Structure formats: C-alpha cells, structure tokens
Amino acid sequence: MRSGSRRRCARSLALVDGHASRRNEGPQVVACPDGPFLVRGDVDIVLPDGTPVPRTRKTVALCRCGLSTIKPFCDGTHRASGFRTG
Ligand code: FES
C-alpha cells in the first residue's frame with residue numbers, strides 16, 4: 001500500500017508537470033489521492049498566525065490528514081493511518 005500511494009502521488013505530479021510545461025507556468029496545487037497537497041511553484045506558505053514557513057524546495061507536500069509530525073509538511077504518516085480522501 002505504501003508504494004502504491006507513492007506511485008499515485010508521483011503520477012499526479014507528473015501530470016501537473018506535463019500540463020505546466022505546455023499551458024501554465026504558474027503555481028499549482030495537486031490534491032494527491034489519499035495523501036497530501038503537492039504545492040508547486042512560487043507560493044508563500046504561512047502559518048495561521050502569519051509566520052512564514054521557509055521553503056527549500058520548488059515542490060512541497062502539505063499534510064491534509066492532520067497527523068504529520070512536521071506540519072505543515074507531510075511526513076508520510078497518512079499512509080500508515082489509512083487516510084482516505086473522497
Ligand atoms: S498527508 Fe501526509 S502526513 Fe498528513
């Protein structure tokens with residue numbers, strides 16, 4: 001199951017990359033099936049109190065299961081928890 005979830009995320013990102021190179025060079029967010037939001041491009045990430053979150057990568061995964069120990073980023077815990085999206 002773990003590698004299956006990872007493959008789906010990778011496939012989603014690949015689709016975004018393919019579309020981005022042809023028609024949209026701007027920031028994009030991909031809702032990964034049963035996983036995080038993949039945020040690609042120049043987007044500021046801030047905490048609810050307005051504190052900016054440093055980014056070192058062009059593409060980051062933001063937790064949407066609520067279980068990550070490194071919020072706002074995904075640490076992969078969604079896989080073990082059985083998190084499912086509709
Ligand atoms: S979505 Fe991955 S740990 Fe929450």
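1. Nonpolar core. In this predicted model, the largest nonpolar core has 5 residues. The members are Val39, Ile45, Val53, Val60 and Leu62. In soluble globular proteins, nonpolar side chains tend to be buried together.

2. Val60 and its contacts. Leaving out residues up to four places away in sequence, Val60 touches Phe37, Leu38, Val39, Ile45, Arg55 and Phe73. Val39 and Ile45 are also listed with Val60 in the largest nonpolar core. Arg55 is among the contacts of Val60 too.

3. Salt bridge. The structure holds 1 salt bridge. Its partners are the side chains of Asp34 and Arg84, at 3.9 Å from N to O. The cut-off for such a pair is 4 Å. Asp34 sits in the loop between β1 (28-31) and β2 (37-40), and Arg84 in the segment after α2 (77-81), so the pair ties together parts that are 50 residues apart in sequence.

4. Burial of the two partners. Is Asp34 buried or exposed? Asp34 has a relative accessibility of 11%, and the limit for buried is under 20%, so Asp34 counts as buried. Arg84 has a relative accessible area of 45% and is partly exposed.

5. A further contact of Asp34. Which backbone nitrogen lies 3.0 Å from a polar atom of the Asp34 side chain? That of Thr85. The Asp34 side chain therefore has two partners to inspect in the model: the side chain of Arg84 through the salt bridge, and the backbone nitrogen of Thr85. Asp34 itself is placed in the loop between β1 and β2.

Conventions. Residues are numbered from 1 along each chain as its sequence is written. This is a predicted model: local features need pLDDT of at least 70, side-chain atom pairs count only at pLDDT 80 or more; totals for chains, interfaces and linings use all residues. Side-chain values use heavy atoms; hydrogens and water are left out. Helices (H or I, at least four residues) and strands (E, at least two) are DSSP runs, numbered from the N terminus. Buried means under 20% relative accessible area, exposed over 50%, partly exposed in between (1.4 Å probe, protein chains only). A polar contact is a pair of N or O atoms within 3.5 Å; within protein, one must be able to donate a hydrogen and the other to accept it, and residues adjacent in sequence count only if both atoms are side-chain atoms. A nonpolar core is a set of buried Ala, Val, Leu, Ile, Met, Phe, Trp, Tyr and Cys residues joined through side-chain atoms within 4.5 Å. Contact means heavy atoms within 4.5 Å.
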